[in-house]
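Subject: Handover of a structure for your review

Dear colleague,

Please find below the structure that I am handing over to you.

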Amino acid sequence: MTIPQEENFMRKISAEEKIEPKDWMPAAYRKNLIRQISQHAHSEIIGMQPEGNWITRAPSLRRKAVLLSKVQDEAGHGLYLYSACETLGISRSEMIEQLQTGAAKYSSIFNYPTLTWADVGAIGWLVDGAAIVNQVSLQRTSYGPYARGMIRICKEESFHQRQGYEAMLALAKGSEGQKAMAQDALDRFYWPALMMFGPHDSDSAHSQKSMEWKIKRETNDDLRQKFIDQTVQQIEVLGLEHPDKAIKWNEERGHFDSSDLNWDEFWSVINGNGHCNRQRIEHHVAAHEEGEWVRDAITAYNEKKRAKQAQNAA
Amino acid sequence: MTTSTEKLELFEVFVRSKRGLDHKHIGSLHAEDHEQALEYARDCYTRRSEGVSIWVVKSNDICASQEDDADCFYDPSDDKPYRHATYYVLPDPVNNM
């Protein structure tokens with residue numbers, strides 16, 4: 001038997017109405033959202049590390065300023081998402097603890113190392129490109145604060161992809177060595193970027209319920225296909241070789257056919273065995289602990305100000 | 001002489017016109033407390049079904065930037081055109097990525 005509250009909730013979902021923080025919602029919907037939004041927030045925050053690795057070594061002042069701006073945006077996006085998640089009744093410190101203890105995950109892509117400058121270009125172009133495909137779809141998610149956050153993030157994110165592509169283009173049109181560096185970055189980041197969309201729909205633990213509740217609007221495989229399709233021409237324009245030798249236009253489907261992914265690698269990285277999993281979390285913990293004095297200083301300053309105001313008032 | 005409305009507090013009213021949209025500032029009013037402000041806001045600002053949700057905030061609780069200081073307040077962003085997508089010139093076939 002469905003309770004009237006649940007009926008009302010499902011009525012809103014099927015009428016494409018948004019669910020807002022103070023509305024009644026099933027406990028599992030709330031839990032599912034917290035899992036997804038916090039994972040998304042953690043990805044933005046951990047995602048600063050691979051690119052941050054190159055800020056001091058960017059090849060020109062222009063590239064450095066651009067990269068700084070991009071990484072700064074990621075911090076902002078993390079903030080929007082943590083705030084949206086907090087409207088569901090979980091605190092920021094709980095989320096950070098879940099990230100640091102491994103109870104919450106983040107996108108597996110950020111466990112790959114950034115070995116060369118071309119990796120920064122490949123990340124902007126492919127990783128942010130894949131994230132945009134996913135986030136455009138999430139602008140229609142059923143939870144109001146999440147949907148509005150996505151709209152803002154998508155607006156800001158288009159520069160991320162374009163600066164990455166521009167950097168790749170400069171390398172691809174450069175010397176033989178630079179072109180080889182671009183090709184190598186493409187070869188290494190193409191497959192993990194495809195894995196960002198998650199497992200096949202048939203193997204995705206949360207997909208069905210999330211689709212039913214319209215938390216997710218398109219399936220992992222459909223979003224991945226969209227990304228595969230849009231990337232083919234972008235690789236051609238760069239004049240690089242497509243990493244997937246099986247890529248082939250399928251007239252009947254109206255899509256490109258492609259090779260299956262290395263799912264053993266995917267699960268291995270998800271389960272903590274990527275190149276950088278331990279390093280990413282250790283760095284986050286260290287940065288958090290080293291930042292303790294800043295948070296303490298803010299509290300101390302506020303207390304001092306309050307005491308002064310009280311003294312003046314007396 | 002203090003009139004009775006001057007004893008009441010000023011509230012700012014924000015209305016969500018449709019589920020899924022942001023609350024937008026729509027005006028202000030005097031009220032004794034939050035509860036009363038909500039009811040007044042309903043009577044004053046949503047007489048024609050303009051909204052599905054109302055927020056009221058004490059005007060005194062709003063901290064606002066000063067428009068006169070806008071030049072130096074926003075100045076740090078002025079020299080960063082590269083934060084805009086249009087700054088990057090890409091070949092035509094891939095330009096609307």
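Predicted model: local features only at pLDDT ≥ 70, side-chain atom pairs only at ≥ 80, totals over all residues.

Pockets

The largest pocket has a volume of about 1000 Å³. Its lining consists of 44 residues, and those nearest the centre of the pocket are A:Gln39, A:Ser107, A:Asn134, A:Met196 and A:Gly198. Six helices of chain A, namely H2, H4, H6 (117-138), H7 (144-172), H10 (220-238) and H11 (263-273), each contribute at least two residues to this lining. The greatest contribution to the lining of the largest pocket is that of H6(A), with nine residues.

At least two lining residues of the second largest pocket come from each of H4 and H7 of chain A and strand E3 (53-58) of chain B. Here H7(A) gives the most, with four residues. The lining of the second largest pocket divides into six nonpolar, five polar and eight charged residues.

Cavity

How many cavities of 30 Å³ or more does the count give? The count comes to one, and the volume of the largest cavity is about 30 Å³. The residues that line the largest cavity are A:Ile13, A:Glu16, A:Glu17, A:Lys18, A:Arg140, A:Thr141, A:Ser142, A:Lys214 and A:Arg217. Of the residues in this lining, six are charged, two are polar and one is nonpolar.

Helix packing

Two helix pairs in chain A may be of interest to you. Helix H2 (residues 27-46) of chain A packs against helix H4 (residues 61-86) of chain A at an angle of about 160 degrees, and their axes are 8 Å apart. Because angles over 145 degrees count as roughly antiparallel, H2(A) is roughly antiparallel to H4(A). The crossing of H2(A) past H4(A) is left-handed. On the H2(A) side, the residues that meet H4(A) are A:Ile34, A:Ile37, A:Ser38, A:His40, A:Ala41, A:His42, A:Glu44 and A:Ile45. On the H4(A) side, they are A:Glu74, A:Ala75, A:His77, A:Gly78, A:Leu81, A:Tyr82 and A:Cys85. The contact of H2(A) with H4(A) is made up of eight nonpolar, five polar and two charged residues.

The second pair consists of helix H8 (residues 176-195) of chain A and H10(A), whose axes come within 10 Å and cross at roughly 160 degrees. By the same cut-off of 145 degrees, H8(A) is therefore roughly antiparallel to H10(A). H8(A) passes H10(A) in a right-handed crossing. From H8(A), the residues A:Leu186, A:Tyr190, A:Ala193, A:Leu194 and A:Met195 take part in the contact, and from H10(A) the residues A:Arg224, A:Phe227, A:Ile228, A:Thr231 and A:Ile235. The residues of this contact divide into eight nonpolar, one polar and one charged.

With kind regards

Key: Residues numbered from 1 in each chain as written. Chains lettered and ligands numbered in written order. Heavy atoms only, no water. Axes fitted to C-alpha atoms, helices over the stretch in contact; angles between N-to-C directions. Parallel < 35°, antiparallel > 145°, perpendicular 65-115°, else oblique. Left-handed = near helix turned anticlockwise from the far one by under 90°. Contact = heavy atoms within 4.5 Å. Nonpolar A, V, L, I, M, F, W, Y, C, P; charged D, E, K, R; others polar. 1 Å grid on protein atoms, 1.4 Å probe; cavity = no way out; pocket = protein on both sides within 12 Å on 5 of 7 lines; lining within 4 Å. Points joined across faces, edges and corners; volume = space filled by probe spheres on them.
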